Amino acid sequence: MIVADLAQLPGRTFPARRRTQNLVGGASPIQTKSFCMGYVTLEPGGGQVPWHNQESEEVYFIVSGAGEVCLGSERRTL
């Protein structure tokens, strides 16, 4: 059994003022072929890196606050 313990994952802080801890995929001990899941903390006014594409699918679960998600030409406030 492989476990990704959020309390033990150091994560990475990006210049866009966000910290990402990979739970599945990326720097996580749990590796998959086409899926990733992480815990992301945004500082006020923080956000995503410049527009880019991921090779794996992503799922977003908003715990608190609001943000904008873009997929292709579609934009949604969550």
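**Contacts in a predicted model**

Trainee: How many aromatic pairs does the structure hold?
Mentor: This is a predicted model. Ring centres must lie within 6.5 Å to pair. The number of aromatic pairs in the structure is zero.

Trainee: Which residue lies over the face of F14?
Mentor: A charge over a ring needs NZ of Lys or CZ of Arg within 6 Å of the ring centre. Here the distance from the ring centre of F14 is 4.0 Å. The residue over that face is R18.

Trainee: Which strand pairs with β5, and in what sense?
Mentor: Strand β5 covers residues 68-71. Its partner covers residues 74-77, and four bridges link the two. The sense is antiparallel, and the partner is β6.

Trainee: Which residue in β6 is the bridge partner of E68?
Mentor: E68 belongs to β5, which spans residues 68-71. Across the pairing, in β6, the bridge partner of E68 is T77.

Trainee: Which residue takes a positive phi in the hairpin of β5 and β6?
Mentor: The hairpin has two residues between the strands. A phi near 60 degrees is found in this hairpin. The residue that takes it is G72.

Trainee: How many salt bridges are there?
Mentor: The cut-off is 4 Å from a side-chain nitrogen of Lys or Arg to a carboxyl oxygen of Asp or Glu. R75 and E68 meet at 2.8 Å, N to O. R76 and E74 have their closest N and O atoms 3.2 Å apart. By this rule the count is two.

Trainee: Is R75 buried or exposed?
Mentor: R75 has a relative accessible area of 53%. Exposed means over 50%. Therefore R75 counts as exposed.

Trainee: What about R76 and E74: which one is partly exposed?
Mentor: R76 is at 52% relative accessibility, so R76 counts as exposed.

Trainee: How many disulfides does the structure hold?
Mentor: Two cysteine sulfur atoms must lie within 2.5 Å. C36 is in no disulfide, with the nearest cysteine sulfur, that of C70, 17 Å away. C70 is in no disulfide either. The number of disulfides is zero.

Trainee: Is C36 buried or exposed?
Mentor: The relative accessible area of C36 is 15%. Buried means under 20%. C36 is therefore buried.

Trainee: What is the relative accessible area of C70?
Mentor: C70 falls in the partly exposed class. That class lies between 20% and 50%. The value for C70 is 26%.

Terms used:
Residues are numbered from 1 along each chain as its sequence is written. This is a predicted model: local features need pLDDT of at least 70, side-chain atom pairs count only at pLDDT 80 or more; totals for chains, interfaces and linings use all residues. Side-chain values use heavy atoms; hydrogens and water are left out. Two strands pair if DSSP finds at least two bridges between them. Buried means under 20% relative accessible area, exposed over 50%, partly exposed in between (1.4 Å probe, protein chains only). Rings of Phe, Tyr and Trp (its six-membered ring) pair if their centres lie within 6.5 Å; planes under 30 degrees apart count as stacked, over 60 as edge-to-face and the rest as tilted. A charge sits over a ring if NZ of Lys or CZ of Arg is within 6 Å of the ring centre and within 35 degrees of the ring normal.
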